[in-house]
Amino acid sequence: MVAVHKNSYRVALQNVEIPAEATGHLLYAADSPLELPTVGDWTEVQVMDDHSFAVIHTVLPRRSLMLRKTAGKRIEQQAIAANIDVAFIVQSADADFNLRRLERYLVVILESAIEPIFVLSKADRVDSAVLKERLAMVQEIQPTIPVIALSAVTGVGIDELEKRLSPDQTCCLIGSSGVGKTTLINRLLGEERLKTAAVRDFDQKGRHTTSSRQLFALPGGAWIIDTPGMRELGTIGQSVGIESTFADVESLAPQCRFADCTHVHERGCAVIAAVESGEIDEKRYQNYLKLRRESEYYERSYSEKRKRDKQFGKFVKTVLKHHPKR
Ligand SMILES: Nc1nc2c(ncn2[C@@H]2O[C@H](COP(=O)(O)OP(=O)(O)OP(=O)(O)O)[C@@H](O)[C@H]2O)c(=O)[nH]1
Ligand SMILES: [Mg+2]
Ligand SMILES: [Zn+2]
C-alpha cells in the first residue's frame with residue numbers, strides 16, 4: 001500500500017502504482033478503522049488484467065503500527081503508517097524548535113516499538129552556536145537517540161541521514177507542517193518529484209502542502225513515507241510510549257514512599273524531590289504529567305464508548321430477533 005487519500009488507495013505492484021479500493025467485505029468486517037489498509041501495509045490484491053485498477057482483499061499482519069488520537073473531537077485511534085522500522089522526527093532548527101513537542105512525537109514512536117531518530121532541519125537558518133546548543137538540548141532529553149542536523153538546501157548532514165537508511169527497511173518522516181519533510185525526500189530522490197511550499201513569512205508556519213501519506217522507493221533500496229504535517233498529534237492509551245520517553249522520571253518510582261505513587265502530589269515522592277532539586281527539568285516533568293493525563297483520559301473515554309456501542313449492538317440484535325420479519 002503506497003498511498004491513502006480519504007477512501008481511495010494506491011498500491012504498488014513491482015514498479016507500477018495502481019489505484020485501488022478495499023472490498024466491501026474488508027470494510028464491513030473491520031471491527032475498527034485500524035483494521036483498514038494504511039500506508040506501509042502489505043496487502044493481498046486482485047488486479048485488473050490491464051493493470052488499471054486493484055481490489056484489496058486482505059491486510060497482512062503488521063510488524064508495527066504508528067497511531068495517534070484522531071484530530072478534533074472524535075475519540076478514536078487513527079493509523080498513521082504501518083510496518084515502519086525507523087521514524088525520523090523532524091523539527092526545524094529555527095522557528096519550530098520545541099523540546100516538548102519532540103517528547104510528544106517520541107511517545108507515539110516508542111509506543112509502537114519503532115526506532116526513533118531526531119532530525120533538526122534547516123540547519124542553514126541558524127548560526128552554528130545556536131545549532132550546537134539546540135543539538136545538545138535534544139540530546140539531553142534522550143541521550144541514546146541519534147540526532148542529525150541537516151539542511152536540504154546546502155546538503156549538509158544529508159549523508160549522515162543516508163547512512164541511517166538500510167535497504168529493505170521502511171522509514172518515515174513526521175513533524176509539523178513546513179519543517180521540510182518533502183523537500184528532504186526530494187533531495188533523497190535526487191529530483192523535485194513532490195510539491196513543497198514556502199512557510200508563512202510572519203510566523204514560519206507551514207501551509208499543509210502534503211495532503212496524503214505516500215511511500216517512495218529511494219535509490220539505495222530503502223522505502224520512505226512522507227506524511228502531512230499534523231496540527232495535533234494526540235496521544236491515546238500510549239502508556240508504554242510514555243514510560244519509555246520518560247524513563248528517567250519513571251525510574252525513580254521505586255524510591256517513592258508509596259508503591260502506587262502517582263508523582264503528582266504525594267509526600268515522599270522521589271520524582272517531585274528530583275524536580276525540586278533540579279535533577280529533572282520542571283518543564284519536562286510537567287509535560288510528562290500532561291501527556292499521561294491526556295493519554296489515560298482518551299483511553300478511558302474510548303473504552304467507555306466501545307462498551308456503549310457494544311451494548312447498543314446487542315440491543316439492535318435483540319430487537320431484530322424479536323421482529324424477525326419486518
Ligand atoms: N532554508 C531552508 N529552507 C528549507 C529547508 N528545507 C525545506 N525548506 C523550505 O521550507 C518550506 C517548507 O518545506 P516542505 O518540504 O514543503 O515542508 P513539509 O514538512 O513537507 O510541510 P507539509 O507538507 O506542509 O507538512 C519550503 O519553502 C522549503 O523550500 C532547508 O533545509 N533550509
Ligand atoms: Mg510535505
Ligand atoms: Zn512519586
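Q: Among contacts between residues at least 6 apart in sequence, what percentage join residues at least 24 apart?
A: The share is 65%. Here two residues are in contact if their C-beta atoms, placed from the backbone, lie within 7 Å.

Q: What kind of model is this, and how are its parts numbered?
A: This is a predicted model, in which local features need pLDDT of at least 70, side-chain atom pairs count only at pLDDT 80 or more, and totals for chains, interfaces and linings use all residues. Residues are numbered from 1 along each chain as its sequence is written, while chains are lettered from A and ligands numbered from 1 in the order in which they are written.

Q: How many helices and strands does the protein have, and what makes a stretch count as one?
A: There are 9 helices and 13 strands. Both are DSSP runs numbered from the N terminus: helices are H or I with at least four residues, and strands are E with at least two.

Q: Why are α2 and α3 called oblique to each other?
A: The axes of α2 (residues 99-111) and α3 (residues 128-141) cross at roughly 40 degrees and come within 11 Å. Axes are lines fitted to C-alpha atoms, for helices over the stretch in contact, and angles run from 0 to 180 degrees between N-to-C directions. Angles under 35 degrees count as roughly parallel, over 145 as roughly antiparallel, 65 to 115 as roughly perpendicular, and the rest as oblique. The α2 and α3 pair is therefore oblique.

Q: Which residues make the contact between α2 and α3, and of what classes are they?
A: Leu99, Leu102 and Glu103 of α2 meet Met137, Val138 and Ile141 of α3. By class that gives 5 nonpolar, no polar and 1 charged residues. Ala, Val, Leu, Ile, Met, Phe, Trp, Tyr, Cys and Pro count as nonpolar, Asp, Glu, Lys and Arg as charged, and the others, Gly among them, as polar.

Q: What makes His263 buried?
A: A residue is buried if 20 or more other C-beta atoms lie within 10 Å of its own, exposed if 12 or fewer, and partly exposed in between, with C-beta atoms placed from the backbone. His263 has 20 other C-beta atoms within 10 Å, so His263 is buried. This residue is found in the loop between α7 (247-250) and α8 (270-276), and its phi is positive, about 65 degrees, although it is not a glycine.

Q: Why does Asp168 count as exposed?
A: Asp168 has 8 C-beta neighbours inside 10 Å, and therefore counts as exposed. Asp168 is found in the loop between α4 (158-163) and β11; its phi is also positive, near 75 degrees.

Q: Which residues of α5 are buried, and what covers them?
A: In α5 (residues 181-189), the buried residues include Lys181, Thr182, Thr183, Leu184, Ile185 and Leu188. Their cover includes β8 (86-92), β9 (115-121), β11 (170-174), β12 (213-217) and β13 (223-226).

Q: How do you know that domain 2 and domain 3 touch?
A: 12 residues of domain 2 are in contact with 13 residues of domain 3. On the domain 2 side, α2 gives the most, with 8 residues. The bounds, 65-226 for domain 2 and 239-320 for domain 3, come from an automatic or database domain assignment.
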